[in-house]
Each structure stands twice: as structure tokens, then as C-alpha cells.
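Colleague: I'm new to this one and would like to learn how to read it. Could you walk me through it, giving the general idea each time and then the case at hand?

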Amino acid sequence: MPINRQKILQLASGFRGRARNCIKIARMRVEKGLQHAYVGRKLKKRYWRSVWIQRINAGTREHGMSYSGFITGLKEENVQLNRKVLSELAMNEPFSFKALVDQVRFMRGLSKSPSGQQQ
Amino acid sequence: MALTGKLAGQVPCITERRVATRIAFQGSRLAARVAPVTRSRVTSPIVCQAVAEYKGDLLNKSYYPTGADAANVNKRWYVIDAEGQTLGRLATLAATYIRGKHLPTYTPSMDMGAYVVVINADKVAVTGKKSSQKTYFRHVNGRPGSYTVETFTDLQKRLPERIIERAVKGMLPKGALGRNIRLHLKVFRGAKHDHEAQKPQDITKEISLKPKNGPGAQVLAAKKAA
């Protein structure tokens, strides 16, 4: 079922030139805009996961561990924290995040005690 | 966790407490990677208090910085001594700090990085035969066939700052943001720099080493011999 003209012109607000006022052109640009929005919703999930990973990497490197080592340690221990929450912990809860890194280091056998003394 | 006695009377506002937390929390080795001063989020020095204080879902909404968080006034300053350092390894470190990739608040679309001052730029080194073989190309006139090619040693005699600037520029993103953060690298020829007032922190020790020159050198050599 096609969308009616009024809805299309509403969706076309803010577009450049005739694309916001003339229905024939607006229809084309709005269709393309909706396609971009569809694709963008899928890309957004990938983008944010990569940003979380980079943030976690920075946080773990502050404590002398790499992201890869950290994540393998978490998987081995079956810690279900996802990357979104881990990145927020790295930013807002530095003590908790350090405790996580220390725990991973201990569980992987890279340190003698879970309280964070490096080998 | 309570603030240390030294800091207790000096940090009144809630956003400054985050800096105090980080300072109390990190040792001298990690002091270079202190978080930015102001954040758009309400944070607390007490463990797990930030979640309670934040109006909304702190851990489930990804952080996006505001203009105030990325303001130049709040950026840290660091200094690297280039004397005898390998060019590429120094440039990598500078680019990482300028881009902001050393911070957990890293955001690719905004400039969350730091300022980096490089001193003794005329004494930076390259390995192998690069000092006579590494060339720097430059257009002269805009016309075809009008260009000059300089070797590393010649350019170091003429404009040593350009060597480090070009190395770091190649490691930063290309685009409007890259062009802006390029200006956050300050290179100086001698041992003196103009930014004493910013009290930059020395991060020369963090330049990466080739594994055979690093702390695990004996282990590597033993493996190779075996």
C-alpha cells in the first residue's frame, strides 16, 4: 500500500531544495532515506559493538592486559557480562573493572593471587 | 572508598571526585592515563554508587560525550623526549594519545584525546640505512615534473619538526577530525618547549620496544638458540 502524499512530505522535512516540497522528487528522496535508515539500523549495532571493544581495550591496557586476553579469560570463567556493560564499567566503575581484570589474570594463571599482584 | 587525606579537602564538586578517584586508584606507572576532568555523567567515588546516582540506566545506555566533555580545556598534556628514539615507535605512541585511544571514554567521532609535546626532535633516530635511504617527497610548483626529494638526514638538518609531524600525521585519521587533532601535536627542536605552564607528563618510557630489545630479550634469545 503506497504512503500518501502528506506523510511523504512530512518525512521529507529538512531535505534539500525541491525534495522537501515537490511530491515527485520528495517521494524519491524519502524512499532512499527510508532505505538508508533500514541499513543504518543494522550498521548501528556493529558500530557500537566496535566502540565498546575499543573502550574495553583501552580500559584493560591501563591494567597491563589486552582485550583479547581479557575476553578469553571471561569466557573461560563463564562471565556473562556483555561488552556494553564492560565498557560502561571501565568508564564509570574503575575499581570494579580492575577487580575483574585481576580476577581474569588470576584465573588464567598469570598471577599468584586474585588481588592483583602481577607475576 | 574514601578519598585519601591529601585530596579530601581539595575536590568539592561531584565531577572532580572522579579525578580524585582515579588519582587515588592508580599508581605512578599508570598516572599517565588519568581520565578527563569533567564528564557529562554523574559519577561517584564510592563503588557501585554511580549506578544508584545516575537518573536512568547507567550501564545499559552507551556513553556519548557532550561538547563539554571533549573541551580542549579539560585535555591532558604529555611530553615525549625523542632523543635516540625510533621514529615510528615514537609516532605510534603520540598518535595513540592524540586520538584518545588510551582512554575508556574513547569515541571515534569526537576528539577525546590529549595534547602531546615532542622535544629533541632533531635527535630522533631511524634504524638500518633509512637515514640515507628514506626519502621525503614534496611538490614544488604545482606543475608536473616539479618536485624535490629529500633524504632523512637532509630534512633533519633543514626542518626536523616536519619529520615527526609527517610520521604522526600518517597515523592519524584523514578527514576533518584528523586535520583538527593534528594540531594537538607540538614538536620542538631542542630540549625546551613552550608548554611548561601545562605541566605535561612524561610518557617516553611507554614507547614500545622491539621484542629483542625489550624485557623478555633473554627468553627470546634462549628460544632462538634452542
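Modeller: Happy to! Let's begin with B:Gln198, which lies in the loop between E5 and E6 of chain B. Helices (H or I, at least four residues) and strands (E, at least two) are DSSP runs, numbered from the N terminus. Before we go on, this is a predicted model, where local features need pLDDT of at least 70, side-chain atom pairs count only at pLDDT 80 or more, and totals for chains, interfaces and linings use all residues. Residues are numbered from 1 along each chain as its sequence is written, chains are lettered from A and ligands numbered from 1 in the order in which they are written, and side-chain values use heavy atoms, with hydrogens and water left out.

Colleague: Why does B:Gln198 count as partly exposed?

Modeller: Buried means under 20% relative accessible area, exposed over 50%, and partly exposed in between (1.4 Å probe, protein chains only). B:Gln198 is partly exposed because its relative accessible area is 36%. Along the chain, B:Gln198 and B:Tyr115 are 83 residues apart, while 9.8 Å separates their C-alpha atoms.

Colleague: And what about A:Arg18: where is its place in chain A?

Modeller: A:Arg18 sits in the loop between helix H1 (5-11) and helix H2 (23-61) of chain A. A:Arg18 counts as exposed because its relative accessibility is 59%. Its C-alpha atom is separated by 51 Å from that of A:Ile71, 53 residues away along the chain.

Colleague: Now the sheet. In what order do the four strands of the open sheet in chain B come?

Modeller: First the general idea: two strands pair if DSSP finds at least two bridges between them. Here the order is E5-E2-E1-E6, with parallel pairing. At the edges are strand E5 (185-187) and strand E6 (201-202) of chain B, each pairing on one side only.

Colleague: How many bridges join strand E1 to strand E2 of chain B?

Modeller: Five bridges link E1 (residues 77-81) and E2 (residues 115-119) of chain B. Within this pairing, B:Ile80 stands opposite B:Val118, B:Val79 has B:Val117 as its bridge partner, and B:Asp81 has B:Ile119. On the E5 side, three bridges join E2(B) to E5(B), and B:Val116 has B:Leu185 as its partner in E5(B).

Colleague: Is strand E2(B) mostly covered or mostly open?

Modeller: Mostly covered: five of the five residues of E2(B) are buried. B:Tyr115, B:Val117 and B:Ile119 point one way, and B:Val116 and B:Val118 the other way. The chain gets from E1(B) to E2(B) through H4(B), in a β-α-β crossover that is right-handed; that term applies if, with the strands pointing away from the viewer, the path from the first strand over the helix to the second runs clockwise. In E1(B), four of the five residues are buried.

Colleague: Which residues touch the most other members of the largest nonpolar core?

Modeller: A nonpolar core is a set of buried Ala, Val, Leu, Ile, Met, Phe, Trp, Tyr and Cys residues joined through side-chain atoms within 4.5 Å. The largest one has 30 residues, and B:Leu87, B:Ile164 and B:Val168 touch the most other members. Elements that each supply at least two residues include E1, E2 and helix H4 (87-99) of chain B. H4(B) gives the largest share, eight residues. A second, separate core of 14 residues includes A:Met65, A:Ile71, A:Val85 and A:Leu86.

Colleague: What does B:Val168 touch, not counting residues up to four places away in sequence?

Modeller: Contact means heavy atoms within 4.5 Å. With those sequence neighbours left out, B:Val168 touches B:Ala91, B:Ala94, B:Ala95, B:Ile98 and B:Leu185.

Colleague: Last one: how many residues of helix H4 of chain A are buried?

Modeller: In helix H4 (residues 83-92) of chain A, 10 of its 10 residues are buried, among them A:Arg83, A:Lys84 and A:Glu88. As for chain B, 41% of its 226 residues count as buried, and the chain has nine helices and six strands.
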